[in-house]
Amino acid sequence: MRRFCLLFSSWVLVSLFVWGKTDFRPLPGTDSVDGSFSEHEYLGHLEFLAHDLLEGRATGDRGAALAAAYISTQFKVLGLLPYSRENGYLQPVRLKGFKTDYETSVMAFDGRDGRKELTPLQEYCINSETDLKEIVCQDGLLFVGYGIEAPEYKWDDFKGVDVAGKVLVVLVNDPDYERTHFADKSMSYYGRWVYKLEMARRKRAKGIILLHHEREATYNWAVVRNSWSVERMLADDQKEQPLLFQAWVNHAALDRALDGTGLNYALLKKKADNRRFRPMELPLRLHVEFRQMYRQAECHNVIGVIPGTDERLQDEAVIYTAHFDHFGIGLPDKTGDRIYNGAMDNASGTAALLCLARAFMQHPVKPKRTVMIMPVTGEELGLLGSTWFVEHAPLKLNDIAVVINKDCMNHFGRRDSFSAFPAEYSSILQVVEEI
C-alpha cells in the first residue's frame, strides 16, 4: 500500500503545468525528478484529445469514438492487456440519446401576477427521458428541499409523502454543513444533481426542476447551458421509470415568478436546511412544452490491464479513471467557435492516465495488485460510463481495492498541496496524508 501511495503521489506531480488554449509552451524543469513523467508526453496526448478534429468528444458522436480508438491504440503500443477477449480494450456502453429543440420550447410559471415566461438557455434548460417526440406538461410544483433520503445521517426530505406523478423542485448540493452537520464539509454524492434525478425516478415523479445557484452548484450558469443545450443520454437498460422531463432553472427566474408570494430562493433554502423540513406546495403552476429528437447509440469505456505480480494480491484491482468525453459541438462563443474542446475537462485527466500507464509499464517494480487504467465515457451526462461499468463489471466489485479518479489537471503552476473528495467514502486519503 505504501508503494502504491508513493506512486500515486508521483502521479499528482504530473499536474504542474501552465496551459493556454493555443499556447502549449513548456515550463523549465517541470519533468518529474526520476524521469517517470514527461511534460512533453503529457502535452502531446492533451493536444490530440483536445484538437478540433475530435469535435469536442461528445458521448455517442464521432469525436468520442476517435478518442476511444486513440486511447486503446496507446494501450496496445504500451503493452497493456485488453480487459476482454471478446471486446478488447473497448467496453460497450449502450445508451439512448435525447436532444431538445429549443426553438419549440416553452417554460412558464403561472402565479398570482399572471404568467411569467422564462427565456430558454438563459433561464432554463430542459430535456426528456422518454421517446416522445413532443412533451407537454401542466402541473403544480412540490418543493422537496434537497431531495435526500440518508438514514445514516438521519435525514429525510420526503417524510413519507407520496410524490409519484408530481413535479419536484429540488436544491442542488448538500444541506448547509454549518447549520445541519449533514455528512461532511465536502459535497457528498447526495449533493450531486445525478442523485437528485435518481431519487425522482425511484419515487416515480413526473418531472424534476433543479434550482441553480452558482454558490451551491459550484459552477456558473454557462456550465449548465453548455452541457444541457446538447444531446443528453441515459443507459439503454435503465430500470427506473423515466422522467417526463428534467430541467435546470436559474434561481433568479424562480424568484421572479415567486415575487409577491412571500417566498424566494433564499427562504426556501433556509426552510430546507432543517431536519424537520417537510415537502411543500409552491404557489405556482408550471407550463412546459417542447419537441425533441431521440436515438440509440453505442459508446465505449476503454480498459487496459496491468496484471498484478503477487499471487496473494493479484486478484485485487486498483483502478485509475478519468472521463474522456466532453460536450461536443454546441452554442457559438464570441468568436463563432462552436467546438467545446474540453482540454481541461477532461482531456487533461485522460492524458495523465496515459502517462501513468506508460510509467507503470516501464517501471522496474511491477505492482503487486492488478492495475486497471480506465478512461470512461458519458461523465458529463451523469456518470453514465462509470455507472455502466459498475452494473456490467468484468470483475467482482468486492475485488476492487481502490478507485482513483482524476478530473482536471492543475495547469496553474506549482502547488504545495492537493485536494481530494469526497473524503467520507475511502480510507486511502489517511495513508496519503501520512506519506
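Start by selecting Phe360: at 6% relative accessibility, this residue counts as buried. Keep in mind as you click around that you are looking at a predicted model.

**Stop 1: the partner of Phe360**

Tyr320 belongs to strand E14 (residues 317-323) and Phe360 to helix H10, so the pair ties together parts that lie 40 residues apart in sequence.

**Stop 2: another ring pair**

Next, pick Phe327 and Tyr340. Their rings make an edge-to-face pair, with 6.5 Å from centre to centre and 90 degrees between the planes. Phe327 is in the loop between E14 and strand E15 (328-329), while Tyr340 is in strand E16 (residues 339-340), 13 residues apart. Phe327 is buried, with 9% relative accessible area, and Tyr340 counts as buried at 12%.

Over the whole structure, a search turns up 15 aromatic pairs.

**Stop 3: two helices side by side**

Go back to H10 (residues 343-362) and show helix H3 (residues 62-78) with it; their axes come within 10 Å and cross at roughly 10 degrees. Angles under 35 degrees count as roughly parallel, and H3 and H10 are therefore roughly parallel to each other. To see the contact, show Tyr70, Ile71, Gln74, Phe75 and Leu78 on H3, then Thr350, Leu354, Ala357, Arg358 and Met361 on H10. Sorted by type, the residues of this contact are 7 nonpolar, 2 polar and 1 charged.

**Stop 4**

Most peptide bonds are trans, and most residues other than glycine have a negative phi. Here are some exceptions to zoom in on.

- Asp345 to Asn346: this peptide bond is cis, with omega near 5 degrees. Asn346 is found in helix H10.
- Leu121: phi is positive, near 70 degrees. Leu121 lies in the loop between strand E3 (114-117) and strand E4 (124-127).
- Lys154: phi is positive here too, at about 55 degrees. Look for Lys154 in the loop between strand E6 (149-150) and strand E7 (155-156).

Which of these is buried or exposed? Leu121 counts as buried at 14% relative accessibility, whereas Lys154 is exposed, with a relative accessible area of 68%.

**Last stop: confidence**

Colour by pLDDT. The protein averages 90, and 91% of the residues score at least 70. Then select residues 1-28, where pLDDT stays under 50.

Key
Residues numbered from 1 in each chain as written. Predicted model: local features only at pLDDT ≥ 70, side-chain atom pairs only at ≥ 80, totals over all residues. Heavy atoms only, no water. Axes fitted to C-alpha atoms, helices over the stretch in contact; angles between N-to-C directions. Helix = DSSP H or I, 4+ residues; strand = E, 2+ residues; numbered from the N terminus. Parallel < 35°, antiparallel > 145°, perpendicular 65-115°, else oblique. Contact = heavy atoms within 4.5 Å. Nonpolar A, V, L, I, M, F, W, Y, C, P; charged D, E, K, R; others polar. Buried < 20%, exposed > 50% of the residue type's maximum accessible area, 1.4 Å probe, protein only. pLDDT = per-residue confidence, 0-100. Phe/Tyr/Trp six-rings, centres within 6.5 Å; stacked < 30°, edge-to-face > 60°.
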